Amino acid sequence: MRHCLDSTVAYAKARKQFDATLGSFQALQHRMVDMFAATEMAASRVQAALARISGIEDPVDPRDAVAVNFRSNTASRLVGQEAVQIHGGMGMTDDLDVGHHFKRLTSMALTFADRGKLNERYRDLQRSSP
């Protein structure tokens with residue numbers, strides 16, 4: 001996600017459209033801020049979940065695992081889609097690595113379960129917890 005964000009910000013600073021850089025347009029600035037926030041929140045959620053594990057014997061709360069996975073997948077989808085969108089048609093070509101990273105984020109998100117399955121699993125865990 002960080003690579004997609006960094007590549008998009010660098011591209012927006014360099015690419016000129018209508019005699020101005022893309023980064024000077026407020027609407028695109030807001031979208032890149034949303035990308036930054038999603039990236040940082042996903043990283044924070046992972047770090048917080050890891051901090052709750054004190055050792056190898058310490059049990060992992062499955063609700064934490066499912067929630068972190070769901071939120072990280074949501075963030076990666078937003079960041080990847082925005083990166084491709086801001087890069088325009090070039091975002092999905094082999095000339096830029098943004099498309100490759102978006103595909104990688106998508107495949108990682110679908111490795112264990114899709115959003116629907118994660119949401120269903122979290123609800124089941126909530127019902128069965130004391």
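Good morning. I begin with Phe18, which is exposed, with a relative accessible area of 70%. Please bear in mind throughout that this is a predicted model.

Where does Phe18 sit? Phe18 is found in the loop between strand 1, residues 16-17, and strand 2, residues 20-21. Its backbone deserves attention too: Phe18 has a positive phi of about 55°, although it is not a glycine.

Asp19 is found in the loop between strand 1 and strand 2 as well. For Asp19, phi is positive at about 60°, and this residue is not a glycine either. Is Asp19 buried or exposed? Asp19 is exposed, its relative accessible area being 79%.

I turn now to a pair of helices. Helix 3 covers residues 62-87 and helix 4 covers residues 98-109. Their axes come within 9 Å and cross at roughly 160°. Because angles over 145 degrees count as roughly antiparallel, helix 3 is described as roughly antiparallel to helix 4. As for handedness, the crossing of helix 3 and helix 4 is left-handed.

Which residues make this contact? On helix 3, they are Asn73, Ser76, Arg77, Gly80, Gln81, Ala83, Val84 and His87. On helix 4, they are Val98, Phe102, Leu105 and Ala109. By residue class, the contact of helix 3 with helix 4 comprises six nonpolar residues, five polar residues and one charged residue.

To summarise, Phe18 and Asp19 are exposed, and each has a positive phi without being a glycine. Helix 3 and helix 4, for their part, are roughly antiparallel with a left-handed crossing. Thank you for your attention.

Methods
Residues numbered from 1 in each chain as written. Predicted model: local features only at pLDDT ≥ 70, side-chain atom pairs only at ≥ 80, totals over all residues. Heavy atoms only, no water. Axes fitted to C-alpha atoms, helices over the stretch in contact; angles between N-to-C directions. Helix = DSSP H or I, 4+ residues; strand = E, 2+ residues; numbered from the N terminus. Parallel < 35°, antiparallel > 145°, perpendicular 65-115°, else oblique. Left-handed = near helix turned anticlockwise from the far one by under 90°. Contact = heavy atoms within 4.5 Å. Nonpolar A, V, L, I, M, F, W, Y, C, P; charged D, E, K, R; others polar. Buried < 20%, exposed > 50% of the residue type's maximum accessible area, 1.4 Å probe, protein only.
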